[in-house]
Amino acid sequence: MESWKRVSDWSVDEVLEWVEQQFPGQQSTLQTAFLLHAVSGRALLRMRGHHLHHLGVEAPAQQGILQDILLLRVREELDNLNDIFSECFAS
């Protein structure tokens, strides 16, 4: 995965790589579910607890995953704001 690619542009393979890095203990369960449902970066950013439950992720593990997804959302929003700032003050 590129070092600074927007999460919304991640492919399914890049999401799987993120899962492998972030959740080595739950890697196979998450990777299987995300692969089966073709979870891209855009879909990952929209994921909520009920989605994880539907994918078979147990409640105790959901909180940590949701926190990391929230961090990805914040990063995505900061990138968007940076783009807006750059467009407004470019010249």
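Asp-79 lies in helix α5, where helices (H or I, at least four residues) and strands (E, at least two) are DSSP runs, numbered from the N terminus. The model is predicted, so local features need pLDDT of at least 70 and side-chain atom pairs count only at pLDDT 80 or more, while totals for chains, interfaces and linings use all residues. Residues are numbered from 1 along each chain as its sequence is written, and side-chain values use heavy atoms, with hydrogens and water left out.

Asp-79 is buried and has no salt bridge; the nearest side chain of opposite charge is Arg-6, 4.5 Å away. Buried means under 20% relative accessible area, exposed means over 50%, and partly exposed is in between (1.4 Å probe, protein chains only). A salt bridge is a side-chain nitrogen of Lys or Arg within 4 Å of a carboxyl oxygen of Asp or Glu. For charge, Lys and Arg count as positive and Asp and Glu as negative, with His and the chain ends not counted. Apart from its neighbours within four places in sequence, Asp-79 is in contact with Trp-4 and Arg-6, contact being heavy atoms within 4.5 Å.

Glu-76 is also found in helix α5, which covers residues 59-89. Glu-76 is buried without a salt bridge, and Arg-6, the nearest side chain of opposite charge, is 4.4 Å away. A polar atom of the Glu-76 side chain lies 3.1 Å from the backbone nitrogen of Val-7. With neighbours within four places in sequence left aside, the contacts of Glu-76 are Arg-6, Val-7, Ser-8 and Leu-45.

Which residue meets Arg-6 in a salt bridge? The partner is Asp-83, at 2.2 Å from N to O. This pair links distant parts of the chain, with Asp-83 in helix α5 and Arg-6 in the segment before α1 (12-22), 77 residues apart. Arg-6 counts as buried because its relative accessible area is 19%, whereas Asp-83, at 35%, counts as partly exposed.

**Salt bridges in the whole structure**

A search of the whole structure finds two salt bridges. Besides the pair of Asp-83 and Arg-6, Glu-14 forms one with Lys-5. The table gives the N to O distance for each.

| Acidic residue | Basic residue | Closest N to O distance |
| Glu-14 | Lys-5 | 3.0 Å |

**Helix α1**

Glu-14 is placed in helix α1. The buried residues of α1 are Glu-14, Val-15, Leu-16, Trp-18 and Val-19. These buried residues pack against α2, α3 and α5. An α-helix has 3.6 residues a turn, so residues three or four places apart point the same way. Glu-14 and Gln-26 are twelve residues apart in sequence, and their C-alpha atoms are 17 Å apart in space.

**The loop between α2 and α3**

Ser-40 sits in the loop between α2 (27-36) and α3 (41-46). Ser-40 is partly exposed because its relative accessibility is 23%. The C-alpha atoms of Ser-40 and Val-12 are separated by 4.5 Å, although these residues are 28 apart along the chain. Leaving aside neighbours within four places in sequence, Ser-40 is in contact with Trp-10, Ser-11, Val-12 and Val-15.

Ala-38 has its place in this loop between α2 and α3 as well. Its phi is near 50°, a positive value in a residue other than glycine. Most residues other than glycine have a negative phi. Ala-38 is partly exposed, since its relative accessible area is 48%.

**The protein as a whole**

The secondary structure comes to five helices and zero strands, in the order α-α-α-α-α along the sequence. The C-alpha atoms fill a box of roughly 50 × 20 × 20 Å along the principal axes. Of the 91 residues, 34% are buried. Among contacts with a separation of 6 or more, 58% are between residues 24 or more positions apart.

The protein exposes about 5,900 Å², of which carbon and sulfur atoms supply 55%; the areas come from the Shrake-Rupley method with a 1.4 Å probe. There are 7 positive and 13 negative side chains, and the centres of the two sets lie 6 Å apart.

Technical notes:
Charge placed at Lys NZ, Arg CZ, Asp CG, Glu CD. Polar contact = N/O pair within 3.5 Å; in protein donor to acceptor, adjacent residues only side chain to side chain.
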